[in-house]
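Trainee: I am new to this structure and would like a close look at a single part of it. Please take me through that part step by step.

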Amino acid sequence: MRISKRHMSIIASGLGILTLVASLLVITASRSGAVQAATKGTLLHLRYAGKTSVGAAKKVKATGGVSVEIGPQVDKQIPHSSNVVHVAASSVPRPASNGVTSTNPGLQQGFTGVTHFDQRFAGTGAYTNTQFSLEPPDQALCAGNGFVVEAVNNALNVYSTSGGLLAGPTAMSQFLQVAPEVIRSNPPVFGPFISDPKCYFDSSTSRWFITELELDVDPVTGAFTGSSHQYVAVSDSADPTGSFTIYNFATTDDGSAGTPSHPNCPCFGDQPLIGADANGFYVSTNEFPVFANGFNGAQVYAISKTGLESGSLPPVEQINAGAMTTPDAGGVWYSVQPATTPPGGAFESANNGTEYFLSALQFSNRSPLDDRIATWALTNTASLNTSAPSASLSEVVVTTEIYGQPPNAQQRSGSTPYGDFVHGPLGLLDGNDDRMNQVVFAAGSLWAGVNTVVQPPNGPTRVGIAYFKITPSDPSGTLSASVASQGYVSVNQQNTLFPSIGVNAAGKGVIVFTLVGSSYYPSAAYMVLGGDGSVHIAGAGRGPDDGFTEYKGPGGGVSGRWGDYSAAVADSDGSIWTATEYIGQTCTDAQFAADTTCGGTRSFYANWGTFVGNVMP
C-alpha cells in the first residue's frame with residue numbers, strides 16, 4: 001500500500017468500506033544542511049505468532065468467474081492528475097533521452113513471476129478461493145543460496161535460479177497464518193487487511209525475512225477495528241521452502257499493547273520498508289490514523305537480527321522520525337528507506353554499528369520540485385543485541401539534482417476486454433509520487449532512485465527516473481554526506497516508472513523499472529549503471545494494463561494503479577536479480593466473454609503480471 005503523502009483513502013473490501021483522508025499542507029521555508037540532534041526511541045514487545053512455510057509448488061486453478069467475485073480490493077490513493085501534463089514544463093528537469101534496445105547482453109535469465117491470476121486463486125484448504133482481486137502488486141524480491149523468493153499483494157513464490165517453481169503460489173494470509181481475506185459465504189466473512197510485502201535474504205546469516213503490514217477488520221462488515229500490526233517472518237534455515245517463524249508487533253500507537261501515544265491514533269504503519277546491517281533488522285513505516293485525519297510521519301523500528309533468527313523475542317526499538325524537525329516549516333518526514341548490504345559487502349561498523357537510510361524532501365504540491373534528499377544514520381545498533389537497546393537516529397540534508405511530482409503515464413492502445421465490458425476508455429497509469437525507493441549500501445555509498453517529472457525533447461512532460469549515489473560519513477557520530485554521482489533515465493515521449501536499484505559488493509548496479517508509453521505496452525526494462533545509458537527491454541509487454549482501478553466503478557478512478565514499487569537485489573555471484581510489473585499476457589473480447597480468466601492469464605478484474613530477470617552488470 002503506497003498512500004499519497006497528502007491524501008489517503010483505503011477500500012478495505014468490496015462490501016465493507018472505510019475511507020480515510022489525510023491532508024498535509026506544507027509551507028516551504030529556509031533550507032538547512034545541518035545535522036539534527038540524535039533521537040532515541042521507546043521499546044515495544046515482539047510477539048511470537050507461530051510457524052509457517054510457503055508450501056509445495058502447485059498449478060493454480062480458477063474456481064469460477066464473475067459469480068464468485070465479491071468486488072476488488074485496492075490500496076487506494078487519490079491520483080495527482082488525470083492528465084499527461086502535471087508540472088509546468090519550464091521548470092522541470094530536461095535530461096538527454098536514453099535510447100531503447102531489445103538486445104540484452106547481460107541478461108542471464110528471465111521468466112514470468114507471480115501474476116494477478118496466481119495471487120487471486122492462490123490458497124489451499126481453508127484458503128481456497130479466499131483472495132481478493134488486487135491492484136497494484138507491490139513487488140518484493142530476495143535471492144541467495146540458489147533460491148529466488150518473490151512476493152506481491154498478496155501471494156508469494158519460491159523459484160530456483162533457473163526459474164523453476166519450487167514452492168507456491170501461496171496466499172500471504174495463509175503464509176502469515178491469519179484468517180483468509182474473504183470467505184465467499186452468504187453472508188461473506190472478512191479477514192485481516194494485509195498489504196505491502198517486502199523480502200530480504202541476509203547473506204551473512206543465510207536467513208530469509210518476509211514482512212507485511214496488517215489491520216484488523218470486523219469479520220461481518222470488513223470495516224477496520226483500529227488494531228494494526230507489522231508482521232515479520234524469518235526462515236529457520238537457509239532454505240526458503242522450509243519453515244519460518246512468524247512474529248508481529250503492534251503499530252497502533254494509541255498507548256495500547258505498550259505502544260506510545262501519538263496524535264489521532266489508533267494508527268497503522270503504511271508502506272513498510274526494510275533494511276539490515278550487521279546487528280539489526282529495520283522496518284520503516286508511514287503512520288496514518290485509522291479513524292481520523294492526520295499523518296504522523298515515518299516510524300523506524302529496530303530489532304536484533306540474531307534475536308529474530310534465534311527466536312529469543314528481542315525488544316523492538318521504535319523511533320518517531322516523523323516528530324523530528326524538517327528543513328521546511330510544517331513538513332513531516334516520510335518514506336525513510338533503510339539500506340540493505342549485498343553479499344560480500346561490508347556493513348558500517350562505525351559508532352558501534354550504523355544503519356543508513358535515505359528519504360526525499362518534496363513535501364507539498366505547493367512546491368512540486370525539489371533538489372534535496374536526506375541521509376540518515378541510526379547509530380549504536382550493536383545495542384540491539386542487549387536487553388536495553390539504545391540506538392540513535394540523526395539526519396543531514398544533501399543538495400542534489402532536481403526531481404519532482406510525476407504525471408500519469410500514457411499507454412499504447414490495445415485489447416481491453418474488461419474496459420470494454422464496463423464501457424471505459426483506456427486509462428493512464430498512475431505515476432504516483434517522488435518518494436524514495438529501495439536503498440543499497442555498497443562499496444561505501446548509498447544508491448537509490450525516485451519517480452520524477454521530466455521534459456523530453458518532444459511532447460508534454462512524462463515520467464522519468466532520478467537516481468543518486470550518496471557517500472555518507474559518520475566516523476565520530478557527526479553525520480555528513482555528499483553526492484558521488486547522479487543522473488536520470490528518460491525515454492523520449494515515453495515513461496519510465498518505479499525504479500529500484502540493485503548493486504553488488506563491487507559497486508556495480510542495475511536499475512529496473514517499467515517502460516510504457518505510446519510506443520510500448522507496459523514492459524519490464526532495466527539500465528546498467530555505468531554502461532552506455534541504453535534502456536534494455538527484458539520482458540516485452542503484450543498489451544495495455546486492463547485493470548479495474550483505471551475505470552470508473554468499484555475501486556476505480558481516473559488512472560490505473562501501478563507498481564507501487566519494483567525490486568532489485570544482488571546475488572553472491574555479483575549478478576542482479578530484478579522484478580517489476582508488466583503486462584505479459586493479453587486476450588480478446590471474445591476470449592474474455594468465453595472465459596474471464598482467458599485461460600488462466602488474468603482474473604475478471606485485472607491482468608497484471610511480473611517479470612523476474614537476472615542481469616550481470
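How do the residues of the lining of the largest cavity divide into nonpolar, polar and charged?

Mentor: This is a predicted model. The lining of the largest cavity divides into 19 nonpolar, 6 polar and 1 charged residues. That cavity holds about 350 Å³ of space, and the structure has 6 cavities of 30 Å³ or more. Of the 26 residues that line the largest cavity, Cys 199, Tyr 200, Thr 340, Ala 568 and Val 569 are the closest to its centre. Elements that give two or more residues to this lining include β13 (193–202), β21 (337–340), β35 (567–570) and β30.

Strand β30 also belongs to an open sheet of 5 strands, in the order β4-β33-β32-β31-β30 and with mixed pairing. Its edge strands are β4 (100–101) and β30 (494–503), each of which pairs on one side only. Further in, strand β31 (residues 509–517) runs antiparallel to strand β32 (residues 520–528), and 7 bridges join them. Within that pair, Leu 515 stands opposite Ser 523 in β32.

A polar atom of the Asn 495 side chain lies 3.0 Å from the backbone nitrogen of Val 463. Asn 495 counts as buried because its relative accessibility is 1%, and the cut-off for buried is under 20%.

Technical notes
Residues are numbered from 1 along each chain as its sequence is written. This is a predicted model: local features need pLDDT of at least 70, side-chain atom pairs count only at pLDDT 80 or more; totals for chains, interfaces and linings use all residues. Side-chain values use heavy atoms; hydrogens and water are left out. Two strands pair if DSSP finds at least two bridges between them. Helices (H or I, at least four residues) and strands (E, at least two) are DSSP runs, numbered from the N terminus. On a 1 Å grid over the protein atoms alone, a cavity is a set of points where a 1.4 Å probe fits but cannot get out, and a pocket is an open set with protein on both sides within 12 Å along at least five of seven lines; lining residues have an atom within 4 Å of a point. Grid points are joined across faces, edges and corners, and a volume is the space filled by probe spheres set on the points. Ala, Val, Leu, Ile, Met, Phe, Trp, Tyr, Cys and Pro count as nonpolar, Asp, Glu, Lys and Arg as charged, and the others, Gly among them, as polar. Buried means under 20% relative accessible area, exposed over 50%, partly exposed in between (1.4 Å probe, protein chains only). A polar contact is a pair of N or O atoms within 3.5 Å; within protein, one must be able to donate a hydrogen and the other to accept it, and residues adjacent in sequence count only if both atoms are side-chain atoms.
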